[in-house]
Amino acid sequence: MSEQSLRQEDRQQQQAGPPAHVDAGDAGYSKSLKARHVNMIAIGGAIGTGLFLGAGGRLKDAGPSLAVAYAVCGIFAFLVVRALGELVLHRPSSGAFVSYAREFLGEKGAFVAGWMYFLNWATTGVADITAVATYTHYWGMFTEIPQWVIALIALAVVLTVNLISVKIFGELEFWFAIIKVGALVVFMAIGIFLLVTREQVAGTSTGPSLITDHGGVFPHGVLPMLLVIQGVVFAYASVELVGVAAGETENPEKIMPKAINSIMWRVGLFYVGSVVLLSMLLPSDSYSGDQSPFVTVLSKIGVPAAGGVMNLVVLTAAMSSLNSGLYSTGRILRSMAMSGSAPKFTGAMSRTQVPYGGILLTAFFCVLGVGLNYVVPDKAFEIVLNFAAIGILSTWAVIMLCHLLFWRRAQAGQLTRPGYRLPGSPYTEIVTLGFLASVLVLMWADGGASRLTVMALPAILAALVIGWFASRGRMKDPR
């Protein structure tokens, strides 16, 4: 080859930039998730137990201003998943943000991202099985069964389904999402009918006057609305799941933008719309953290069976969330195991192309949560909710940091951004990171279990440091 040809080849390589990052943890998966699966996974990620169960107690605390909290948090949740969507189109990966953290933040970043995400879902899984037990106790025939027994049964069922194949997972999530969306649409139709016909609910006249005559949008001031934000963030905890699913999807460049863009209007309709509707059907102090607000309304319109049906639906939402948590942590832990930052067995793949090692590890910690239901059944949900919130905040922060570094490399000409982009970079990432930091401040201000969770951060960081030094001897480049 002539000297001139060599110079020309060097110029071409410089223009092409550095070689594309390849994650060995992405190998071995089947591309079994179809467009309908991903679209419904996106819906299911945006609608979960945070709305169905948590909205009751938050309505009581913050009143109609809860709708404002849902709207604000929903906007930031959308920005996070939009940033993740751009990274997915840059390079689809079942390791999702852990794989992107490895590419843009290095192995330390991937280690922190992966284990904080595991903390998120290990604790969220406990919250989900606690919610299942709570919903089940709604029916009298189950009240004598201990809460921990119901939680264990729920975990066993979802674990079995998750270990079969990703196609079964996708089908289950598809129908879970259909049930959740269908139920919310029916409830909203009933609520609108009650408003239009001016029907009374439990002897109370419905309509906007229920808001204006009971202290307005902020009946207890602005502070209660700010303090419930930490729980509202938990309500959006699964939105990033759509990014994990991209690694097992055919043609993600066509499917992902549509699925992600649809999250915004779903948040506005189902979260904000539902809270506004609930606030006009009953005074906010009529709701309770012990019961789904939808069940409260339907039970009080004189159709007890309707309350039972909705309770079954919210039970489905909890099972869906648990199913998603086992799915996503299995993929994340396998990506980490391939680099040596997670136990070797979590990288194991079954003949049906399911990373069963990571799934079983998450299930094991959920079993510990069953023990929590045995020891403190009344406080189990609140305790794990706060630790899950810490995991969510760190996961979202990692996604935005990765995107910020991704943007910088694009500005330097080292890579090309896809056509589907996060708008407003780099300011969008900075503002979002500021919002996430403010949630930690609010958790401290809330006191109680929330403050204890923030105080536990040094212990969590110490555990990460110890884990890093214990693991770095077996670290390797997963490419």
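The points below take up the surface patch, then the ring pairs, then the charges placed over rings.

1. The model is a predicted one, and the points that follow should be read with that in mind. A nonpolar patch of about 500 Å² lies on its surface and is made by V68, V72, V217, F218, V222, L223 and L226. Two elements, α5 (66–90) and α11 (222–227), each give two or more residues to this patch, and the largest share, 3 residues, comes from α11.

2. F218, one of the patch residues, is placed in the loop between α10 (209–212) and α11. F218 counts as partly exposed because its relative accessibility is 34%, which falls between the limits of 20% for buried and 50% for exposed.

3. The structure holds 13 aromatic pairs.

4. A tilted pair is formed by Y236 and Y271, whose centres are 4.8 Å apart and whose planes make an angle of 45°. Y236 lies in the loop between α12 (229–235) and α13 (241–245) while Y271 belongs to helix α14 (residues 252–281), so the pair ties together parts that are 35 residues apart in sequence. Y236 counts as buried, at 0% relative accessibility, and Y271 counts as buried, at 0%.

5. Ring pairs also link W115, F118, F364 and F365 into a cluster.

How values were computed:
Residues are numbered from 1 along each chain as its sequence is written. This is a predicted model: local features need pLDDT of at least 70, side-chain atom pairs count only at pLDDT 80 or more; totals for chains, interfaces and linings use all residues. Side-chain values use heavy atoms; hydrogens and water are left out. Patches are made of residues with over 30% relative accessible area and no salt bridge: like charges are joined within 9 Å, nonpolar side chains (Val, Leu, Ile, Met, Phe, Trp, Tyr) within 5 Å. Accessible areas come from the Shrake-Rupley method with a 1.4 Å probe; for residues, only the protein chains shown count as cover. A salt bridge is a side-chain nitrogen of Lys or Arg within 4 Å of a carboxyl oxygen of Asp or Glu. Helices (H or I, at least four residues) and strands (E, at least two) are DSSP runs, numbered from the N terminus. Buried means under 20% relative accessible area, exposed over 50%, partly exposed in between (1.4 Å probe, protein chains only). Rings of Phe, Tyr and Trp (its six-membered ring) pair if their centres lie within 6.5 Å; planes under 30 degrees apart count as stacked, over 60 as edge-to-face and the rest as tilted.
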